[in-house]
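Please look through the structure shown below with this note beside you.

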Amino acid sequence: MLWNDVVYVLLLLFSIAIGPLYRAIDGPGTKQWAATFLGFALVLCVSGTAVVHPIIIVIVNAVIITNLSWKKCHVTSLYFSFFYLLVIFRLGEYFGLPEPPTHTNLVMMILTLKLPGLAFEINSAATAPTDDAEGVNSDAFKKIRFMDVIHYSFAYIGVLTGPYYRYRTYWDFLHRPFSKHVDPWPLTCYKLKQIAAFIALFLAVNHLCPSDYTQTAEFAEHCFLYRFFYMYPAFAGFRLRMFVGMVLAECVCQMSGLGAYPVSCQPVSGLGPRDYKAVEKLSADHETAKKEVQDFETVHNMNVWEVETTPFVRQTMKVWNTCIQYWIAMYIYKRFPYKSLRTMVTMLVSALWHGYAAGYYFCICQVPLYLPFEGICAKFYNQCEKDGLGRKAWGLFMWWAKLTCMAYLGVPFQLLQYQEIIHFYKSLYFSGHILGLVLYLLVRILKLFLLKRPPRTEDHKNK
């Protein structure tokens, strides 16, 4: 494991360990300042002089959010944040700026989502419908001051890598009673045991099947089948590494109490409670709130079991880094005006957010090419009898196809550099692309003969 990964894990473990002490602090103002002090200290620790970048992006956004109209602040914040991340921060070396540390990049990535996300929440609150069941226009947005933006940005909870959580979730954490009445340790303990297993598996897989091995002459001497199937364990190592980081980040939120909501309020990842009126009602009745069963679904960012078992790429994307997916879906996908281009633009924004390395684009921007094949297979899958042999067979086939697709695209995400990616694909004779095209043509042909067509309206009338 790289030294950067060791530092990252240690800082997250520290953030988890101070959770019980932080939850014991009384008063929203004191909790705000304590979280901000700790968060800024963490950012300063990993960034050094590069801390100037997070400071600039936060201060400028605080000015935008607190001074511009709700009609303009969200677009202005979005454009400025991505401009600063993509041009000033990531291309700073061309302007004579020193290269920032790796962890500062993670800090900047999450701030680039949180700050425009807050501006979008303000915009949505101003145009919320009268019957606002989800609490879009909650008390959190009655008056947002300059320092509120600073506190939200630098709170130690999620400052290093996320998960993304809304400003309303942060405000509820400070002003609602739920975090005081939840015991996060059982769930956190369970996840820490998972993380220990993930780390052990990662160390073993990364030692036996590192992605860099695909660039060696020794790898090229193996037979084609060895080279093809090597991508499965190589991609498994990548998934395990991501599981460790994201589940640890969830534990930080849990131990601080952020994201705790009663189950009866129907919380979902990213959004929070669907029934926000129930939140407001329970907040006024502390005795009833104490008796409510709570969960941390709002900050549940990585559903490991579903990532590994679902046969659908679309579903895998939804349960992988779920809170980030929520942000992208709400503020990019749904708001982009041209529906036919939404998927590709969303993928492009996601790749840009990750960086300029070729591997991000080879991985993320090729996913839409797989979706037409999956769409046809899903129709075969859905027309089969539930729990029947046919559905199980299609499910197993789609699970293998999904895993192959993600491994074939995932290895470039690890290699990053264009020449290394092309060398890897050449060693496989671009077989993943060829296999994908052949399978797509095959299911297109099968669709003509095997796919059941729904009865037409006229047929129903005749009957």
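1. Before the helices are compared, one definition is needed: an axis is a line fitted to C-alpha atoms, for a helix over the stretch in contact, and the angle runs from 0 to 180 degrees between N-to-C directions. Please keep in mind throughout that this is a predicted model.

2. With that definition, helix 1 (residues 3–17) and helix 11 (residues 224–256) pack with their axes 8 Å apart and at an angle of about 20 degrees. Angles under 35 degrees count as roughly parallel, and helix 1 and helix 11 are therefore roughly parallel to each other. The crossing in which helix 1 passes helix 11 is left-handed.

3. Which residues of helix 1 and helix 11 meet? On the side of helix 1 they are Asp5, Tyr8, Val9, Leu12, Leu13, Ser15 and Ile16, and on the side of helix 11 they are Arg241, Val244, Gly245, Leu248, Ala249, Cys251, Val252 and Met255.

4. Helix 4 (residues 52–67) and helix 5 (residues 73–89) pack at an angle of about 165 degrees, and their axes are 10 Å apart. That angle makes helix 4 roughly antiparallel to helix 5, and the crossing of the two helices is right-handed. Helix 4 contributes His53, Ile56, Ile57, Val60, Asn61, Ile64 and Ile65 to the contact, while helix 5 contributes Cys73, Thr76, Ser77, Phe80, Ser81, Tyr84 and Phe89. The contact of helix 4 with helix 5 holds nine nonpolar and five polar residues, and no charged ones.

5. A further pair is helix 19 (residues 367–383) and helix 22 (residues 431–450), whose axes come within 9 Å and cross at roughly 35 degrees. Helix 19 and helix 22 cross in a left-handed way. In this contact, Pro372, Phe373, Ile376, Cys377, Lys379, Phe380 and Gln383 belong to helix 19, and Leu439, Tyr440, Val443, Arg444, Leu446, Lys447 and Leu450 belong to helix 22. The residues of the contact between helix 19 and helix 22 divide into ten nonpolar, one polar and three charged.

6. On the scale of the whole chain, the protein is divided into domain 1 (1–175) and domain 2 (311–452), and the centres of these domains, taken over C-alpha atoms, are separated by 31 Å. The contact draws on 21 residues from domain 1 and twelve residues from domain 2. Between them, domain 1 and domain 2 bury about 1,500 Å², of which 71% is on carbon and sulfur atoms. Of the area that domain 1 buries against domain 2, 37% is supplied by Leu113, Phe120 and Tyr164, more than by any other three residues.

7. Where does proline 163 have its place? Proline 163 is found in the loop between helix 7 (146–154) and helix 8 (167–175), and the bond that joins glycine 162 to proline 163 is a cis peptide bond with an omega of about 10 degrees.

8. Although tyrosine 429 is not a glycine, the residue has a positive phi of about 60 degrees.

Conventions
Residues numbered from 1 in each chain as written. Predicted model: local features only at pLDDT ≥ 70, side-chain atom pairs only at ≥ 80, totals over all residues. Heavy atoms only, no water. Helix = DSSP H or I, 4+ residues; strand = E, 2+ residues; numbered from the N terminus. Parallel < 35°, antiparallel > 145°, perpendicular 65-115°, else oblique. Left-handed = near helix turned anticlockwise from the far one by under 90°. Contact = heavy atoms within 4.5 Å. Domains from an automatic or database assignment. Buried area = accessible area lost by both parts, 1.4 Å probe. Nonpolar A, V, L, I, M, F, W, Y, C, P; charged D, E, K, R; others polar.
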